[in-house]
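Please open the structure in your viewer and keep the selection tool at hand.

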2 protein chains.
Amino acid sequence: MLLSHDPARAFMPYPSVEVPHAETGPLSGLSFAVKDLFDVAGYPTGAGSPQMLAMSGLKTRTAPVVRALLNAGARFVGKTITDELAFSMSGKNAHFGTPVNGRAPDRIPGGSSSGSASAVSSGLCDFALGTDTGGSVRAPASHCGLFGIRPTHGRVSLEGCHDLAPSFDTCGYFARDGETFLRVGEVLLGADSQALAVRPRLMLAGDAFGLLDGSVREALAPAVRKVEALLGPAEAIDVANEGFTALYWAMRYIQSREAWIVDGPMIERLKPPLGPGVADRFAFAQDVTDRQVAEAQVIRKAFRERFKALLGPDRILVLPTMPDVAPLLTETDEALNDYRNKALNLQCLSVLSGLPQVSLPLATKDGAPLGLSLIGPAGSDLSLVALASGIVEG
Amino acid sequence: MLLSHDPARAFMPYPSVEVPHAETGPLSGLSFAVKDLFDVAGYPTGAGSPQMLAMSGLKTRTAPVVRALLNAGARFVGKTITDELAFSMSGKNAHFGTPVNGRAPDRIPGGSSSGSASAVSSGLCDFALGTDTGGSVRAPASHCGLFGIRPTHGRVSLEGCHDLAPSFDTCGYFARDGETFLRVGEVLLGADSQALAVRPRLMLAGDAFGLLDGSVREALAPAVRKVEALLGPAEAIDVANEGFTALYWAMRYIQSREAWIVDGPMIERLKPPLGPGVADRFAFAQDVTDRQVAEAQVIRKAFRERFKALLGPDRILVLPTMPDVAPLLTETDEALNDYRNKALNLQCLSVLSGLPQVSLPLATKDGAPLGLSLIGPAGSDLSLVALASGIVEG
């Protein structure tokens with residue numbers, strides 16, 4: 001039943017264990033993979049960490065989100081590689097390897113939901129679960145040419161999932177085509193608490209686009225026009241009145257503190273040889289002060305209130321998902337870290353606000369995929385997914 | 001029952017599973033650890049590799065050598081970290097960390113049986129199983145100030161143990177004191193097929209000592225005198241008529257070819273990010289030619305016949321276990337690789353001949369332990385252990 005052949009090296013090489021699914025249901029005929037942060041009965045949960053894998057044992061329960069997919073008739077094909085403790089955006093795991101970007105094999109897949117994006121972009125399954133704390137679904141979706149969603153914070157259950165930074169963590173997913181993206185959304189997201197208007201007004205995050213190189217803006221222009229063709233001309237606004245740097249640091253301090261609370265005890269006890277970048281980020285996390293966190297929370301609260309007020313059932317935002325196409329596999333760790341920091345400026349809007357964001361595979365540059373994103377109001381997830389599906393396929 | 005606290009970070013952090021042992025027996029009251037190459041029912045076998053750990057599942061059978069210890073009343077306390085796929089001599093595992101050398105915490109423990117030597121030298125158990133293919137018991141025994149044995153090839157069962165290079169692989173063990181070393185040997189080694197004379201003649205491997213720096217020779221001199229005090233003055237002979245370089249390469253070619261046969265299929269399929277040194281050695285192994293292996297086998301056969309004829313029940317050899325005390329943890333990977341290559345010159349005698357070698361914790365230098373070795377004829381293992389115990393404790 002499981003994949004015996006994994007040319008993308010997207011999957012953890014666990015022994016195959018049968019995971020039953022409903023014979024019929026809305027997802028019948030679809031196969032899916034699960035980021036190795038979620039528990040699946042009969043499997044360990046490695047969280048991209050040799051230590052976590054060793055400590056795991058075989059889980060006896062399956063995370064509710066996975067059960068929901070199985071109950072809807074989807075077929076589980078395996079657990080996918082994640083960046084170490086999900087604390088990276090590159091998709092390069094120093095212990096389990098780098099899954100292949102199915103759309104740009106000479107480039108990083110992006111992470112931390114690297115294996116899930118790799119499996120879907122390589123055609124090894126129809127859709128895959130990931131998590132997005134600071135960009136871990138949106139980055140690989142953009143890099144691998146996939147639909148991806150970071151849902152409204154709290155909308156999809158993270159029970160039975162290893163935390164990274166709980167006040168930011170969300171469960172998202174990837175799909176290659178709009179129809180599958182929508183079918184899965186209907187099961188996973190459920191009905192919207194705040195459905196979008198049929199034709200919401202489009203606002204364009206001018207300051208976010210302003211962070212991009214000209215060549216990237218150019219590459220995204222036709223994609224923006226495609227959205228405008230459906231929703232009418234976008235109104236350019238600035239969204240980061242505090243400045244992206246302030247938002248970036250607010251996100252980093254809070255995420256780092258929460259990550260240290262989650263993983264610090266294991267790291268202090270076992271002193272694992274963490275991979276490049278991951279080691280630095282946990283070292284940083286250990287040193288974050290209470291004052292830094294408190295100041296970050298003030299910024300977060302002010303931004304969230306203001307940003308939420310910008311959006312509504314009739315007002316959504318278009319913005320770049322990532323600063324560029326995926327870096328080449330040969331890039332240095334330093335270059336990847338610089339790229340990550342740029343990307344966090346774009347990622348932080350939905351992270352700090354808790355609002356849903358979808359990335360649409362609408363552009364390419366240098367022959368590699370590049371995503372365009374939409375952010376909607378809290379609880380508009382399924383409408384956003386339907387809109388994204390319609391824009392790309394319509 | 002298992003260790004909940006492991007300050008030496010010697011153990012794999014597996015969930016504790018009960019492993020029953022006989023209530024009474026010759027090893028009653030002793031606790032032991034097992035290198036994570038041997039299967040123990042209820043545990044995975046990780047072999048120092050994240051990929052092997054992922055593929056392992058929980059084993060349903062216990063390796064016969066472990067069963068023999070349990071049946072003799074010894075208490076299992078856990079599985080210990082090994083170098084990645086056991087193909088290293090440093091004890092630095094890029095994925096699972098470096099166990100602490102209990103006798104010289106600022107120095108490497110040596111490997112590949114690093115965690116076993118760490119656990120015993122840190123007092124976390126009374127003895128521990130390791131394997132020795134090219135020095136993996138003798139090196140950490142010397143570095144950590146322990147008794148250690150590489151038995152006659154084939155003497156102790158390796159069933160249920162991950163191979164490295166089968167025609168060289170042996171199962172050995174460590175102990176802190178001579179009494180425990182002997183008690184365990186009586187169970188694990190069984191009666192000698194070729195017991196040593198009560199007072200065998202001592203030969204000294206002059207050319208092996210000639211490989212050492214003067215300061216190391218000086219540090220070992222009192223240890224040699226201690227052996228001579230019991231057995232009479234040693235006669236210096238040359239043992240490597242072919243030259244150590246020829247023996248070194250013979251061992252490397254054969255070990256590399258066999259290691260590639262064992263681990264190559266996994267490495268080619270999963271392309272794991274192997275740690276420093278390990279990656280180089282497997283890359284080397286992949287390129288070894290049939291002709292190199294065939295020439296190596298000729299050298300091995302000639303050396304083995306000649307070397308075996310040198311030794312007998314009444315003639316044993318004394319030689320340095322390692323070129324020096326353990327390198328500092330801060331040494332570069334390059335320096336560690338140079339040290340390893342030097343060490344292999346000393347290790348290759350018993351590897352190529354299949355003869356038993358014990359390392360005795362008889363010396364120190366710069367405040368760190370340094371072992372002295374004895375090699376006896378095939379099948380004299382228990383006599384050698386008894387002799388080593390008597391020399392150190394007597």
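## Chain A as a whole

Begin by selecting chain A of this predicted model, in which buried residues make up 61% of the 394 residues. If you colour the chain by secondary structure, you can look for 12 helices and 10 strands. The radius of gyration of chain A is 19 Å, close to the 21 Å that the globule rule gives for 394 residues, and therefore the chain is as compact as a globular protein of that length. Turning the C-alpha trace of chain A along its principal axes, you will find that it spans about 50 × 50 × 40 Å. When contacts in chain A between residues at least 6 apart in sequence are considered, 77% of them join residues at least 24 apart.

Next, select helix H8 (residues 244-270) and helix H10 (residues 290-310) of chain A, whose axes are 8 Å apart and which pack at an angle of about 125°. That angle makes H8(A) oblique to H10(A), and the crossing of the two helices is left-handed. To see where they touch, show the side chains of the contact, which on H8(A) include A:Trp249, A:Tyr253 and A:Arg257, and on H10(A) include A:Val293, A:Ile299 and A:Phe303. Sorted by class, this contact of H8(A) with H10(A) has 10 nonpolar, two polar and two charged residues.

On the H10(A) side the contact is made by A:Arg300, A:Phe303, A:Arg304, A:Phe307 and A:Lys308, while H11(A) contributes A:Leu349, A:Leu352 and A:Ser353. The contact of H10(A) with H11(A) has four nonpolar, one polar and three charged residues.

## A covered helix

Now move to helix H5 (residues 178-188) of chain A, which is mostly covered, since eight of its 11 residues are buried. Among the buried residues of H5(A) you can pick out A:Phe181, A:Leu182, A:Arg183 and A:Val184. Which elements cover them? Display helix H2 (64-71), strand S3 (127-132), strand S4 (147-150), strand S5 (170-175) and helix H12 (381-393) of chain A, all of which are included in what covers the buried residues of H5(A). Following the chain onward, stop at A:Gly190, which comes after H5(A) and has a positive phi, near 70°.

## Where chain A touches chain B

Bring chain B into view and select the contact, which takes 21 residues from chain A and 21 residues from chain B. On the side of chain A that touches chain B, helix H1 (residues 50-56) of chain A gives the most, with five residues. The residues on that side of chain A divide into 14 nonpolar, five polar and two charged.

## A last stop in chain B

Finally, centre the view on B:Pro20, which lies in the segment before strand S1 (31-35) of chain B. Is B:Pro20 buried or exposed? This residue has 10 C-beta neighbours inside 10 Å, so B:Pro20 counts as exposed.

Key
Residues numbered from 1 in each chain as written. Chains lettered and ligands numbered in written order. Predicted model: local features only at pLDDT ≥ 70, side-chain atom pairs only at ≥ 80, totals over all residues. Helix = DSSP H or I, 4+ residues; strand = E, 2+ residues; numbered from the N terminus. Rg over C-alpha atoms; globule rule 2.2 N^0.38 Å. Buried ≥ 20, exposed ≤ 12 C-beta atoms within 10 Å, placed from the backbone. Contact = placed C-beta atoms within 7 Å. Axes fitted to C-alpha atoms, helices over the stretch in contact; angles between N-to-C directions. Parallel < 35°, antiparallel > 145°, perpendicular 65-115°, else oblique. Left-handed = near helix turned anticlockwise from the far one by under 90°. Nonpolar A, V, L, I, M, F, W, Y, C, P; charged D, E, K, R; others polar.
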